[in-house]
Amino acid sequence: MTVTSGEVHAMNSADSEQPIHPPARPRQTVEELLAAKGTRPITSLDDLTAETFGTDEEVEEFVAFTYSERRRDVA
């Protein structure tokens, strides 16, 4: 047990062997991180599109559900 500035900390032998901070990872630039993941720059809005919904009806159902959930807790 150690006492530091009025605080009491319990310690055992396992605690004394573990480092206080995790080991430092090597620093990488943003460019290096992007290259490692194989990412490429966004060149158009089409790069951001996704085929989440198969039909317009699915989109309408999702929007209706979202609005109803937002209003559910208001009343």
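A residue counts as buried when its relative accessible area is under 20%, as exposed when that area is over 50%, and as partly exposed in between (1.4 Å probe, protein chains only). What you're looking at is a predicted model, where local features need pLDDT of at least 70, side-chain atom pairs count only at pLDDT 80 or more, and totals for chains, interfaces and linings use all residues. Residues are numbered from 1 along each chain as its sequence is written, and side-chain values use heavy atoms, with hydrogens and water left out.

**The overall layout**

- The chain has three helices and two strands; helices (H or I, at least four residues) and strands (E, at least two) are DSSP runs, numbered from the N terminus.
- Walk along the sequence and you get the pattern β-β-α-α-α.
- The chain's accessible surface is about 7,700 Å², and 56% of it belongs to carbon and sulfur atoms; such areas come from the Shrake-Rupley method with a 1.4 Å probe, and for residues only the protein chains shown count as cover.

**Helix 2**

- Helix 2 covers residues 30-37, and it lies largely in the open because the number buried among its eight residues is zero.

**A nonpolar patch and its aromatic pair**

- Phe 53, Val 59, Phe 62, Val 63 and Tyr 67 make a nonpolar surface patch, with about 410 Å² of accessible area together.
- What gets a residue into a patch is over 30% relative accessible area and no salt bridge; like charges are joined within 9 Å, and nonpolar side chains (Val, Leu, Ile, Met, Phe, Trp, Tyr) within 5 Å.
- Search the whole structure and you find one aromatic pair.
- That pair is Phe 53 with Phe 62, and it is tilted, at 5.3 Å centre to centre with 40° between the planes.
- Rings of Phe, Tyr and Trp (its six-membered ring) pair if their centres lie within 6.5 Å, and planes under 30 degrees apart are stacked, over 60 edge-to-face, and the rest tilted.
- Phe 53 counts as partly exposed at 32% relative accessibility, and Phe 62 is partly exposed at 44%.
- Tyr 67 sits in helix 3 (residues 56-72) and is partly exposed, with a relative accessible area of 44%.

- Glu 69 and Arg 72 form a salt bridge, with their closest N and O atoms 3.1 Å apart.
- Both Glu 69 and Arg 72 lie in helix 3, three residues apart, or about one turn of the helix.
- An α-helix has 3.6 residues a turn, so residues three or four places apart point the same way.
- Glu 69 is partly exposed at 31% relative accessible area, while Arg 72 is exposed at 53%.
- Asp 56, also found in helix 3, is exposed, with a relative accessible area of 57%.

Note on methods: Salt bridge = Lys/Arg side-chain N within 4 Å of Asp/Glu carboxyl O.
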